[in-house]
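Good morning, everyone, and thank you for making time for this. Please have a look at the structure on the screen, and then I will go through a few places in it with you.

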Amino acid sequence: MTMVNININGQKVSAAAGSTILKAAKQAGIDIPTLCDHPALIPVGACRICVVEVKGQRTLITACTFPISEGLEIQTESPQVVKARKLVLDLIFSERNHYCPYCEMSGDCELQNLGYRYSLDHFIYPTYTKPFPVDATRKYFLMDHNRCVLCGRCERACGDLVANHTLGLRNRGANSMIHADANVPFGESTCISCGSCLQVCPTGALCDKRSAYMGHDIQMEHIKTTCNQCSIGCGMEIVTRGGNVLKIVGDWDAAVNSGLLCKNGRFDPLYDERQRVTRPLLRRSGKLEPASWEETLQAVAERVGKANAKDLGVLASTYATNEALYLLAKLFQKELKATNVGLLNDVAPKLSDKQGSLADIALGDVILVVGCDLLKDQPVSSFFVKRSVDRGARLIVVDGKDNGLAPFAYMNLDMADIGKAIEIAQRAGNPVVVYGAGVTDKAATALKKLQGKASFVAIENGVNTRAAAALGLNNGFKPSAVKVLYALLGEQKLDDKDVFKNVDKKAFVIAQASFASPLTERADVVLPMAIWSERAGSLTNTEGSVQQVNKAVEPAGEAKPDWEVISLLADKLGKKLGASLGEISARATQELK
Amino acid sequence: MARVKVATDWLAGCAGCHMSFLDIDERIVKLLELVEFTSSPVTDLKHPPKEGVTVGILEGAICNTHNIEVAKQMRERCQILIAVGDCATFGGVPAMRNLCGTDEALKRAYLDTESVVDGLIPDSPELGKPLEMVTGVGEVVKVDLFIPGCPPRADAFWYALTELLAGRVPIVLPRELFTYD
């Protein structure tokens with residue numbers, strides 16, 4: 001890496017060639033204030049807050065966009081610079097409603113912090129009094145245009161990062177407004193409510209409805225963890241206060257998603273209104289009644305311990321940790337010799353010995369999306385595909401007209417016409433096949449023609465499907481053969497799908513579940529399970545990366561983490577499968593290698 | 001040594017800044033040894049004395065013609081004028097009215113409010129006339145020190161007055177006492 005030597009405020013600084021003044025200063029621990037700039041976004045130099053004095057330059061220049069060159073002499077807080085920044089701030093504050101006392105962001109606002117930093121203690125210019133609308137048509141967050149500083153961060157996040165291009169700017173000058181599509185309410189626009197704009201907004205213009213007025217960031221706790229809603233495994237932070245989950249934000253440092261999240265991960269889990277199971281339940285004389293963990297586990301151990309291996313069945317949700325799935329496989333398959341074992345979702349077939357990674361999507365010139373609806377089921381991976389389309393890659397969707405990515409595709413094909421897609425991919429320089437469990441056997445065979453040529457990126461349904469399959473839990477479950485069924489339902493939304501439909505009415509059903517449903521009502525024993533925010537462990541994403549999940553709040557009632565329930569049951573059955581989470585984690589990781 | 005004379009008054013405010021001032025608690029006893037409060041909205045004497053004071057403190061925004069009179073009188077009768085609170089510095093909560101207009105705000109408050117029967121917008125000649133635009137005090141008179149905050153912290157009042165008593169005139173408050181909310 002070529003290094004360039006510059007001088008900032010009399011301090012010698014050496015930074016990589018191509019760095020901007022802002023990046024070089026940051027590296028050297030010199031703070032240059034910014035407003036429109038954001039580390040995750042492409043700098044545009046719009047707000048002029050980051051202006052600095054550079055020797056030999058005609059005017060002040062924006063540090064966020066100016067590349068360094070050898071011998072550059074920079075002043076970041078000279079009187080001229082401070083005067084210019086104050087002018088910019090006075091102008092920004094004079095437009096729209098930037099009164100702090102009645103703003104949700106007060107305390108965490110970047111504009112407010114700049115006001116403090118440059119001691120803006122009264123207005124120099126008359127304030128602009130034109131009222132702007134507030135758009136609250138989206139379910140999860142609202143846009144108050146009166147608080148907007150037109151930095152364009154939201155627009156750039158929507159375009160450059162999510163590649164959704166819903167947001168834009170309309171009008172000119174002080175009348176400029178962020179708008180959606182051709183100026184329709186946000187709720188009726190092409191917005192996918194991923195909340196990326198909300199996360200980058202520096203002021204109170206974009207405001208989360210659920211966590212609004214719940215306190216300042218300094219009063220909250222941020223717990224880094226991995227999203228538990230699909231197989232991408234995005235890094236995120238659970239934000240809590242006083243033992244309550246307030247909101248979820250993307251982790252900018254996460255390798256998989258670099259800070260981006262989607263509606264399914266950021267908002268939906270917080271709006272889950274399903275009723276929790278908070279106590280162990282045991283059926284006594286036909287009635288499901290609360291019982292102690294001890295009694296309940298004893299009852300389960302007796303039935304499971306006495307059952308013949310061929311009568312035992314295991315049905316598992318992939319919304320469970322590596323640890324839980326490892327214990328489940330170990331206890332039932334290895335120790336109790338059960339073979340009637342299956343998953344609650346399908347597994348993508350293996351199409352190539354060499355598995356591609358999600359990062360490959362960014363490198364493809366022709367991208368085939370086959371048998372999976374990324375936009376609906378794994379939205380963050382759809383951002384990767386859409387970004388590639390923006391870059392010029394050709395997207396071919398082989399799934400159906402309803403596929404969420406269909407509007408972005410160069411070509412939409414039926415599974416029967418997969419040959420056409422393969423033919424195009426064969427002529428491409430760097431084709432990528434992104435596929436899911438929906439790929440038909442015939443299509444799978446055809447796609448194998450691209451082995452060695454294309455990168456195959458499997459996007460699994462469910463969450464921890466890759467680990468579950470690797471542990472042998474996808475063994476083909478036959479409901480009719482079951483006499484004693486252990487169903488790890490977890491927190492999976494089954495949309496009233498009756499997975500016990502073909503199970504014998506007389507069969508003994510043990511449900512390990514987080515939420516009450518017709519399935520738990522049918523069960524003979526219900527073991528209450530902690531949800532995503534309440535347990536620690538690890539998850540394997542669709543690429544095979546093992547990532548940590550951390551506990552943010554205490555489990556509801558008497559619920560226990562998924563792995564602990566199975567661990568306690570193993571103890572009751574006299575099987576030693578690991579004493580602590582650490583030990584079980586290590587064994588699971590070893591097994592999954 | 002004669003005590004330094006201080007007068008306070010309020011304009012379109014909520015008295016919260018005065019309350020926050022009183023939150024300096026027992027330090028007020030020490031302050032009274034050095035300072036004479038000639039007048040304030042919470043004492044018998046309301047107007048700053050004709051012979052003048054050293055320090056004048058104003059809370060609240062400029063909302064009507066009466067506010068302008070009070071601000072001008074205070075300016076004429078004091079040597080150092082301090083604007084305290086977000087209303088006096090920026091316009092604050094009363095300035096929310098600017099976003100809908102004065103006529104609309106009066107209509108909503110006196111005619112359209114759900115509990116109103118036979119509403120009437122007050123127009124007694126004794127009352128100040130509402131202005132089209134709510135502003136901070138700095139728009140109508142020269143202000144020597146702005147202390148924003150809603151309300152400013154008690155320590156901010158204490159800091160400003162003790163600095164003045166020590167013969168120093170603060171231009172801006174230290175960061176830890178500088179707040180907008």
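This is a predicted model: local features need pLDDT of at least 70, side-chain atom pairs count only at pLDDT 80 or more; totals for chains, interfaces and linings use all residues.

Helix α7, residues 293–306 of chain A, and α15(A) have axes that come within 9 Å and cross at roughly 65 degrees. On the α7(A) side the contact is made by W293(A), E294(A), L297(A), Q298(A), V300(A) and A301(A), while α15(A) contributes V565(A), L568(A), L569(A) and K572(A). Sorted by class, this contact of α7(A) with α15(A) has seven nonpolar, one polar and two charged residues.

Now to another partner of α15(A). Helix α8, residues 322–335 of chain A, and helix α15, residues 562–572 of chain A, have axes that come within 8 Å and cross at roughly 25 degrees. Angles under 35 degrees count as roughly parallel, and therefore α8(A) and α15(A) are roughly parallel to each other. The crossing of α8(A) and α15(A) is left-handed. Among the residues making the contact are L327(A), L328(A) and F332(A) of α8(A), together with W563(A), I566(A) and L569(A) of α15(A). By class, the contact of α8(A) with α15(A) has nine nonpolar, one polar and two charged residues.

Let us turn to the two chains together. The size of an interface is often given as the accessible area lost when the parts come together. Between chain B and chain A the buried area is about 1,900 Å², and carbon and sulfur atoms give 65% of it. In chain B, the residues that lose the most area to chain A are F90(B), L99(B) and Y180(B), which together account for 37% of what that side buries. In terms of contacts, 22 residues of chain B touch 21 residues of chain A, and the count of salt bridges between the two chains is zero.

Finally, two details of the backbone. Most residues other than glycine have a negative phi, and most peptide bonds are trans. R96(A), in the loop between α2 (79–94) and α3 (110–117) of chain A, has a positive phi, near 70 degrees. In chain B, a cis peptide bond joins C150(B) and P151(B), with omega about -5 degrees, and P151(B) lies in the loop between β7 (145–147) and α6 (154–165).

Conventions:
Residues are numbered from 1 along each chain as its sequence is written. Chains are lettered from A and ligands numbered from 1 in the order in which they are written. Side-chain values use heavy atoms; hydrogens and water are left out. Axes are lines fitted to C-alpha atoms, for helices over the stretch in contact, and angles run from 0 to 180 degrees between N-to-C directions. Helices (H or I, at least four residues) and strands (E, at least two) are DSSP runs, numbered from the N terminus. Angles under 35 degrees count as roughly parallel, over 145 as roughly antiparallel, 65 to 115 as roughly perpendicular and the rest as oblique. A crossing is left-handed if the near helix is turned anticlockwise from the far one by less than a right angle, and right-handed if clockwise. Contact means heavy atoms within 4.5 Å. Ala, Val, Leu, Ile, Met, Phe, Trp, Tyr, Cys and Pro count as nonpolar, Asp, Glu, Lys and Arg as charged, and the others, Gly among them, as polar. Buried area is the accessible area (1.4 Å probe) that two parts lose on being put together, summed over both. A salt bridge is a side-chain nitrogen of Lys or Arg within 4 Å of a carboxyl oxygen of Asp or Glu.
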